[in-house]
Structures are given as structure tokens and as C-alpha cells.
Amino acid sequence: MRAFDCDCGKHLEGPDDQQLYDRVWEHMEQTHFDRGLSNDEIKDLVSEKAYTQDASEKQNIDERGSVGG
């Protein structure tokens, strides 16, 4: 699972980089539209900040209740 933590605190996940990018793009369009980020800028953010999340990390996040999607 690929994951991305937005500066606003939102945790986003996707099974691969493309689906993670789609979720990050949607989040940016809905929540951070005022930043006016281009597709390339969002791709850069994902490539810089995305990480692989294993099952134990996901369980810890689920227990805290902070997973969003």
C-alpha cells in the first residue's frame, strides 16, 4: 500500500502510485484548491512524500482513527 500524509494532517492511501496520485489530486482539488497546484506539482509532491505502508503501520493508524480516503 502506498501512503501520503498531507501537511493538513489528512492521510491518504492507494494500492499503487497512480491511484495514490488520484486520491491526492482529488484531495488537493477539494481541500486545497486555493493553492492552484498543477498536475505536475501534485505528481512531484507524491513522488517526494509518498511512502510504502506495511500492514502493521496501517493497523496502528486504524486504531488511532486517522485514516482518511
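A residue counts as buried when its relative accessible area is under 20%, as exposed when that value is over 50%, and as partly exposed in between. By that rule, buried residues make up 28% of the 69 residues in the protein chain. Keep in mind throughout that this is a predicted model.

**Whole chain**

Start with a cartoon view of the entire protein chain. The chain contains three helices and three strands. Followed along the sequence, their order is β-β-α-α-β-α. Among contacts in the chain with a separation of 6 or more, 46% are accounted for by residues 24 or more positions apart.

**Strand β1 and Asp-5**

Select residues 2-5, which form strand β1, and find Asp-5 there. Is Asp-5 buried or partly exposed? With a relative accessible area of 34%, Asp-5 is partly exposed. Now show what surrounds this residue. Leaving aside neighbours within four places in sequence, Asp-5 is in contact with Lys-10, His-11, Lys-49 and Tyr-51.

Next, select Cys-6 and Cys-8 and display their sulfur atoms. The sulfur of Cys-6 has its closest cysteine sulfur in Cys-8, at 3.7 Å, which is too far for a bond. The cut-off for a disulfide is a pair of cysteine sulfur atoms within 2.5 Å. A search of the whole structure accordingly finds zero disulfides. Cys-6 is buried, with a relative accessible area of 7%, whereas Cys-8 is partly exposed at 44%.

**Leu-20 in helix α1**

Move on to Leu-20, which lies in helix α1. Its relative accessibility is 0%, so Leu-20 counts as buried. Which residues touch Leu-20, leaving aside its neighbours within four places in sequence? They are Arg-2, Ala-3, Phe-4, Leu-12, Glu-13, Gly-14, Val-46 and Ala-50. Draw a distance from Leu-20 to Phe-4: these residues are 16 apart along the chain, and their C-alpha atoms are separated by 7.6 Å.

**Helices α1 and α2 together**

Now select residues 17-31 for helix α1 and residues 39-49 for helix α2. The two helices pack with their axes 10 Å apart, at an angle of about 120°. At that angle α1 and α2 are therefore oblique to each other. Their crossing is right-handed.

Show side chains where the helices meet. On the α1 side, pick Leu-20, Tyr-21, Val-24, Trp-25 and Met-28. On the α2 side, pick Asn-39, Ile-42, Lys-43, Leu-45 and Val-46. By class, this contact of α1 with α2 has eight nonpolar residues, one polar residue and one charged residue.

**Lys-43 in helix α2**

Finish at Lys-43, which lies in helix α2 and is one of the residues meeting α1. Lys-43 is partly exposed, with a relative accessible area of 46%. How many residues along the chain lie between the positions of Lys-43 and Val-24, and what separates their C-alpha atoms? The two are 19 residues apart along the chain, with a C-alpha separation of 8.9 Å.

Technical notes:
Residues numbered from 1 in each chain as written. Predicted model: local features only at pLDDT ≥ 70, side-chain atom pairs only at ≥ 80, totals over all residues. Heavy atoms only, no water. Axes fitted to C-alpha atoms, helices over the stretch in contact; angles between N-to-C directions. Helix = DSSP H or I, 4+ residues; strand = E, 2+ residues; numbered from the N terminus. Parallel < 35°, antiparallel > 145°, perpendicular 65-115°, else oblique. Left-handed = near helix turned anticlockwise from the far one by under 90°. Contact = heavy atoms within 4.5 Å. Nonpolar A, V, L, I, M, F, W, Y, C, P; charged D, E, K, R; others polar. Buried < 20%, exposed > 50% of the residue type's maximum accessible area, 1.4 Å probe, protein only.
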